[in-house]
Amino acid sequence: MTRYRFFTATSLDGFLADAHESLDWLLSQPTDAEQSILPYDVFVQDVGAIVTGRATYDWVVGHLETVADAWVYDQPTFVFSHRELPEDFTGITRVSGPPAAHRARLEEVAGDKDVWIVGGGDLAFSFAEAGMLDEIFVSIAPVTLGSGKPLMGGRLDLELRELGRNGALLEARFAVTGARS
């Protein structure tokens with residue numbers, strides 16, 4: 001059965017990116033993949049399809065030349081956007097509308113693997129509202145930003161399943177138990 005997983009990082013005060021959409025605060029953190037409770041290489045082996053929002057897509061495309069491995073995804077990727085995409089990468093499909101409208105296609109493409117919600121917080125929350133978010137795995141950096149792109153675009157009830165440390169990052173794996181009104 002396909003699982004929907006939000007694998008991400010946040011500042012201590014709950015932001016995915018700063019007010020200028022920079023990730024410098026995250027990319028400068030020391031990490032050690034061997035310490036991780038869910039190493040990226042292990043996680044990505046179970047991913048059959050990726051979904052992302054337009055802002056995340058635009059950030060990645062805008063940083064292809066300045067951030068090493070900005071686009072590392074080999075899996076088919078679905079970008080939720082109402083606007084056409086300026087770049088044409090192999091395996092990228094633009095979709096619009098609610099996640100539930102694309103569930104059958106996402107699960108068909110993912111096969112017996114998972115769907116990774118790469119970003120952002122509003123998109124992840126829309127998946128949660130549709131009953132299509134099973135897990136949040138978040139690395140928490142020891143930095144506060146004061147403002148920026150929030151980790152989650154709404155209220156959720158979660159159950160802590162596992163926690164650990166990866167270099168400077170605190171890691172936590174949560175099961176999503178439901179959207180909170």
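This is a predicted model: local features need pLDDT of at least 70, side-chain atom pairs count only at pLDDT 80 or more; totals for chains, interfaces and linings use all residues.
**Entry 1: helix H3**

Which residues of H3 are buried? I went through the helix and noted Arg54, Tyr57, Trp59, Val60 and Val61.

How many of the residues of E3 are buried? The count is seven of its seven, so I wrote E3 down as mostly covered, taking under 20% relative accessible area as the cut-off for buried.

Then I looked for pairing. E3 runs parallel to E6, and five bridges join them. As an example, alanine 49 has valine 115 in E6 as its bridge partner. E3 also runs parallel to E4, this time with four bridges. There I picked threonine 52, whose bridge partner in E4 is valine 79.

**Entry 2: glutamine 75**

Where is glutamine 75? I found it in the loop between helix H3 (54-62) and E4. Buried or exposed? Glutamine 75 counts as buried because its relative accessibility is 14%, and the cut-off is under 20%. Ignoring neighbours within four places in sequence, I listed its contacts: Val44, Val47, Gly48, Ala49 and Ile50.

**Entry 3: the largest nonpolar core**

How many residues does the largest nonpolar core have? It has 26, and Ile117, Phe127 and Leu133 have the most contacts inside it. I then asked which elements supply at least two residues each. My list reads strand E1 (4-11), strand E3 (47-53), strand E4 (77-80), helix H4 (103-110), strand E6 (114-119), helix H5 (121-129), strand E7 (135-141) and strand E10 (169-179). H5 gives the most, with five residues.

There is another core apart from this one, with 10 residues, among them Phe7, Phe43, Tyr73 and Val118.

**Entry 4: a closer look at H5**

I wanted the buried residues of H5, and they are Gly121, Leu123, Ala124, Phe125, Phe127 and Ala128. Phenylalanine 127 got its own check. Leaving out neighbours within four places in sequence, it touches Tyr4, Val51, Phe80, Pro99, Leu106, Ile117, Met132 and Leu133. Just past the end of H5, I noted that glycine 131 has a positive phi of about 75 degrees.

**Entry 5: valine 118**

Back to a member of the 10-residue core: valine 118 lies in strand E6. Why does valine 118 count as buried? It does so because its relative accessibility is 13%, against a cut-off of under 20%. I also compared valine 118 with phenylalanine 7: they are 111 residues apart in sequence, but 6.5 Å apart in space, C-alpha to C-alpha. Phe7 is on the contact list of valine 118 too, along with Phe6, Thr8, Ile50, Val51, Thr52, Thr56 and Tyr73, once neighbours within four places in sequence are set aside.

**Entry 6: the second largest pocket**

How much space lies in the second largest pocket? About 200 Å³. It is lined by 14 residues, and the closest to its centre are Val138, Ile140, Leu151, Leu158 and Phe174. E7, strand E9 (156-166) and E10 each give two or more residues to the lining. E9 has the largest share, four residues. I sorted the lining by type as well: 12 nonpolar, two polar and no charged residues.

Notes. Residues are numbered from 1 along each chain as its sequence is written. Side-chain values use heavy atoms; hydrogens and water are left out. A nonpolar core is a set of buried Ala, Val, Leu, Ile, Met, Phe, Trp, Tyr and Cys residues joined through side-chain atoms within 4.5 Å. Buried means under 20% relative accessible area, exposed over 50%, partly exposed in between (1.4 Å probe, protein chains only). Contact means heavy atoms within 4.5 Å. On a 1 Å grid over the protein atoms alone, a cavity is a set of points where a 1.4 Å probe fits but cannot get out, and a pocket is an open set with protein on both sides within 12 Å along at least five of seven lines; lining residues have an atom within 4 Å of a point. Grid points are joined across faces, edges and corners, and a volume is the space filled by probe spheres set on the points. Ala, Val, Leu, Ile, Met, Phe, Trp, Tyr, Cys and Pro count as nonpolar, Asp, Glu, Lys and Arg as charged, and the others, Gly among them, as polar. Two strands pair if DSSP finds at least two bridges between them.
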